[in-house]
6 protein chains.
Amino acid sequence: MIPKVEGPWDIHYADRLLAQLEAKAGLQRPILLHCVLETSQGVANLEEIASASPRIQGMSFGPADLAASRRMKTTRVGGGHPGYRTIADPDPENPDAPRPSYQQDPWHYSIARMVDACTSVGALPFYGPYGDISDEEGCETQFRASFLLGCVGAWSLHPAQIAIAKRVYSPDPDEVAFAKKVIEAIPDGRGVHMIDGKMQDDATWKQCQVMVKLAEMLARKDPELAEAYGFERTVEPAGAAA
Amino acid sequence: MIPKVEGPWDIHYADRLLAQLEAKAGLQRPILLHCVLETSQGVANLEEIASASPRIQGMSFGPADLAASRRMKTTRVGGGHPGYRTIADPDPENPDAPRPSYQQDPWHYSIARMVDACTSVGALPFYGPYGDISDEEGCETQFRASFLLGCVGAWSLHPAQIAIAKRVYSPDPDEVAFAKKVIEAIPDGRGVHMIDGKMQDDATWKQCQVMVKLAEMLARKDPELAEAYGFERTVEPAGAAA
Amino acid sequence: MIPKVEGPWDIHYADRLLAQLEAKAGLQRPILLHCVLETSQGVANLEEIASASPRIQGMSFGPADLAASRRMKTTRVGGGHPGYRTIADPDPENPDAPRPSYQQDPWHYSIARMVDACTSVGALPFYGPYGDISDEEGCETQFRASFLLGCVGAWSLHPAQIAIAKRVYSPDPDEVAFAKKVIEAIPDGRGVHMIDGKMQDDATWKQCQVMVKLAEMLARKDPELAEAYGFERTVEPAGAAA
Amino acid sequence: MIPKVEGPWDIHYADRLLAQLEAKAGLQRPILLHCVLETSQGVANLEEIASASPRIQGMSFGPADLAASRRMKTTRVGGGHPGYRTIADPDPENPDAPRPSYQQDPWHYSIARMVDACTSVGALPFYGPYGDISDEEGCETQFRASFLLGCVGAWSLHPAQIAIAKRVYSPDPDEVAFAKKVIEAIPDGRGVHMIDGKMQDDATWKQCQVMVKLAEMLARKDPELAEAYGFERTVEPAGAAA
Amino acid sequence: MIPKVEGPWDIHYADRLLAQLEAKAGLQRPILLHCVLETSQGVANLEEIASASPRIQGMSFGPADLAASRRMKTTRVGGGHPGYRTIADPDPENPDAPRPSYQQDPWHYSIARMVDACTSVGALPFYGPYGDISDEEGCETQFRASFLLGCVGAWSLHPAQIAIAKRVYSPDPDEVAFAKKVIEAIPDGRGVHMIDGKMQDDATWKQCQVMVKLAEMLARKDPELAEAYGFERTVEPAGAAA
Amino acid sequence: MIPKVEGPWDIHYADRLLAQLEAKAGLQRPILLHCVLETSQGVANLEEIASASPRIQGMSFGPADLAASRRMKTTRVGGGHPGYRTIADPDPENPDAPRPSYQQDPWHYSIARMVDACTSVGALPFYGPYGDISDEEGCETQFRASFLLGCVGAWSLHPAQIAIAKRVYSPDPDEVAFAKKVIEAIPDGRGVHMIDGKMQDDATWKQCQVMVKLAEMLARKDPELAEAYGFERTVEPAGAAA
């Protein structure tokens, strides 16, 4: 885990150092790197960092350091902030009525760009920590937002957050059921089909594969999930999960 | 239409192949290219793709392929997802009350960056398909979001969506009326003016031009819109529309 | 202030011209540049613009010009637009009920990327103008959104907006109080601590420093803020503020 | 003529300044630029300078400045230096005999790379000045070397050098006669032919075209050359030469 | 063999086309590419061309096309030109005596840069054709010059040139004998040794390996060379040569 | 001294490692780097290597390793090779007469490009070793060639070569005398002057400065040179030489 990665040069350095240590120790499998983005420069160089070395296993970001580096005006670690909102126009019928407003996600750009940078080179994007341990609902909302955008996990600062992460970073049983239905109806992933009023083709079929493969992988390790997803228990030989 | 464009190399290849075919066929007008972005790598290379060739007529994206490439955890084709939200802080007066939450747009970054890449080279950005044919309101919301951000159209998977696209990708008559008012008040686009309590200058004048020019172009083809926008019927010689 | 910056070449040109004028005039301190982004090409080249010269003091963007360049379908100068929304799924219990929808921030990507480009080179990001002078609540919402994302100020088109800017671009007294508490509890910024149920470490400590330093700087110039933040009045020698 | 060009930034600056002046003066034809390379950095950036603007008409180099910048140990302006030589191996039969040595061209790399950079963008490479006015034979040798490598002219510091330049930068009548023979034998430039024991094809045909076109252009302005090349006198309308 | 390669785009195009044809034909071994440089732009882009694809087997250049593209003033295909010379200073004792002059190699830069570009990616540099078939001595001189600089072969336009190429592109028996002596004296390539008054170390040992390996490879196919190099005849199984 | 530098990544790595060691040891002056180019890839990346870090003090090249990497067909370490020649055309009067031929410098491109890369960033170019210790004349020829092209020194493999280096890498007294004459005649380096029949201006004045400054620096350390250059003995305080 390399903290405060700011550009490809940080990865090149670690890459060479590890190559020397591996050669010395006679290692056969390369040591992988997990990058933590903690500065605005790191975000500005995201794509170059991701492609700096095949050692990159994944990335996550440190929302507190990143916020400080950007001078974002928040003391929170991840999550939204009540001050970042859009507001509805005044009601012309009743111009003095309170106007609805909508809280926005300050991390959308950062997470979306990190997901693209990672997945375009086959690395795994992770969300980072959520600082307010007492706010489990806020934590769950943040974790799920990152899951939807493509992250595969998060850091946990407290046992309560581990339970949240388990719940969030596994797909919803209803979506898994729907995905299985699509895959069963289109075994070879070809053609255009209508299923439950939604058009399905080779692209949605790939989405369903992402969903079901993840569910299968998790189900092999967690009997409760296996049941929730409706997978039969199978005896799995050791080491078979990817 | 080139699917799965991932980098400028894909455009260079098509560019050369077309040049040879055009030369063989003795064509005078160049064949143009429409790129479909379907992978995270394509988004990471957006600006380079847009400037890879003057043949680029426009771009759109395939939200299902793109979601699968990013491992976004959704089986929907475009649109929002109930799981991507921000949440309000607990009410200190009433900490156990349900907290309001706000659904977010998972496509904001992707669309905004594509619009910039396209318009910076004079190409046209399009939204892609909306998969849930039965959800006309969802489709309209997605189409309008892309319209606001700069897209000029979308794909239609069903006749019902054509009607939605017609409605959405034409500007609102009230905004057109306001834009006409600004242009009439500032014929040469110079100076700073107050109109309906809003400051208008050369920049807002350009916004109004975008609005009115689009309205005029659409009105020439659609008598209903012409009436809605208050344009008088004019006899237009064939081939005059841009 | 250089308007319509589109790429590093615009900065290089101004840089050289100023160098010649400075040499002619015998100036010792370099003249700085403030860039205004007003086109999609400028946004596509943000990072290169920011690092084109050490003269870059800061950036802001012109939302009206930028919207026109992108063909965003709005005649508003900054702020949200009622047409950019996400919508909730239909309620399965009551499919005909009106579905809640949530207005989105059309400027998220643009502001977030500008903040990164600026802060990665030590320059200051500013929001630009808000056009609807009569809508003070809308102005305040837009200014605060940019403040949260990292901007340090905005343009004012009217005295009423100056008051809003003063209120918005100074941190909330509650957050300042919390930040002071953290800094007092962790004088050296080391270790991991629980304060009010939230984990604090070197990263959150930096966030608190951003907050308190800004508050101190503002308090030195504004007795009301000094009182709100609970800073004792100190006699400050002229020129001490950074 | 821009002296001491070191990188594309110098060209960008001149380009913009001229564009403004041209606009002010209402000029229709663009003012062109001739770059003088006088530093090692300029040579290191040659290709980027050549493609920095379509205004680049040509380049030449200042051998004295360039030598000083490189710390070449010569006080001569252009030409060879007796100290830059290769030496033959000792004669094994007669190891104490003086060994032949061969003076080398210290400017080969610089001229060859400048010719490539220029001709790859359609600009004209020129040699620069030859400083030793009293050494006409040395001047002629240097000018001819540059002519052979692709330069189209040089600077003259003295009337005697103008006569040399005229003589050198016009092709040898024998080579022109041979080139005419090839072109007459292969009117369409196709196929492989043996002429005077040398293979001729589309490539050598192009070389002959370079030679004959240059001879024709010069002959139109110089009756002596016209006679030497065996071109009949033709009445040429004013302004016909390229 | 791809003629007139000017930049990496030419290689990318051929690369993709071949990939499609290979897939169609079910080929297992990739089709390799040999690039012919025939323009100044190709030389300016040499390093990028060499690293454009792992298909690059080697390069050669077309001296006639290249000369025409550079407007070099020669109608010869390869070889030197009597006009490209350096000249000695006048003899101060006898200033009117004829001054020695030395013919230079107009191709030095082009060949040397091509050799670097090729060998830095593991591709093979070849000289191209020598046009004057009747001048065997000139052909041999040109071929040997390219051999010394690193080329591994040339094109032959006539049977007489094949014999020359065989003679030139095999190392000199005396140098091979010396190289064998070095390798025998330093079996493991380590340490510093004096052999025949010349310092030998790991670097010269590598030079000797280049020499001996090439001699061995050629000797396996040519009994005369085997004898000249003093290699014993060995029975070689079919297909064993690299 | 870093051997086998192939690209900027090698310098970045050493740069970071040294920064850590310096910080650990509390060093105030940065440790500098001398790069040895020993592969064709290193030459292809010369300019990027030179500008990779301000630690670059200078460069030299290893002609034996470089030759092996390029597969140059020589077992010599530096110097020319009898096989790299140009040849004169046959004498038409006497076609069977032996044709003069001229040995060429195989290292011209490599040295010239290294000199440019170094001097454009203020680093010092050095020639490397000359392997044939018994051939003092060959060594002197090679050293002087590099001196003329801009190198400031070489490696010595034997005490005899130290004497050669001393003699070669100090400028010729005649050229120093001429340079002093120019500087005395043009104290401020301005204007155009004729001195000994050669034009002198600000550019040749700079050449003379290079020559005289080097002579002065050497003379301070070597009484014999001081006398040869005609500098009066001056008492120099310790440490005054740059």
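1. In this predicted model, Gly58(A) lies opposite Leu124(A), a residue of strand E5(A). Strand E2 of chain A, residues 56-61, is joined to E5(A) by 2 bridges, and the two run parallel.

2. These strands belong to an open sheet of 3 strands in chain A, ordered E1-E2-E5, with parallel pairing. Strands E1 (33-37) and E5 (124-125) of chain A each have a single partner strand and stand at the edges, so one side of each lacks a neighbour in the sheet. Helix H5 of chain A, residues 108-119, packs on this sheet and touches E1, E2 and E5 of chain A. The direction of H5 makes about 180 degrees with that of E2(A).

3. Turning to chains E and D, the contact involves 41 residues from chain E and 44 residues from chain D. About 3700 Å² is buried between the two chains, with carbon and sulfur atoms giving 57% of that area. On the chain E side, the most area is lost to chain D by Lys73(E), Thr75(E) and Tyr109(E), which together make up 22% of what that side buries.

4. Between chain E and chain D there are 6 salt bridges. One pairs Arg99(E) with Glu137(D), where the closest N and O atoms are 3.7 Å apart. Polar contacts between chain E and chain D number 21 residue pairs, with both residues at pLDDT 80 or more.

5. On the side of chain E that touches chain D, helices H2 (40-44), H4 (63-70) and H5 (108-119) and strand E3 (85-87) of chain E each give two or more residues. H4(E) gives the most, with 7 residues. By class, this side has 17 nonpolar, 12 polar and 12 charged residues.

Technical notes: Residues numbered from 1 in each chain as written. Chains lettered and ligands numbered in written order. Predicted model: local features only at pLDDT ≥ 70, side-chain atom pairs only at ≥ 80, totals over all residues. Heavy atoms only, no water. Pairing = 2+ DSSP bridges. Helix = DSSP H or I, 4+ residues; strand = E, 2+ residues; numbered from the N terminus. Contact = heavy atoms within 4.5 Å. Axes fitted to C-alpha atoms, helices over the stretch in contact; angles between N-to-C directions. Buried area = accessible area lost by both parts, 1.4 Å probe. Salt bridge = Lys/Arg side-chain N within 4 Å of Asp/Glu carboxyl O. Polar contact = N/O pair within 3.5 Å; in protein donor to acceptor, adjacent residues only side chain to side chain. Nonpolar A, V, L, I, M, F, W, Y, C, P; charged D, E, K, R; others polar.
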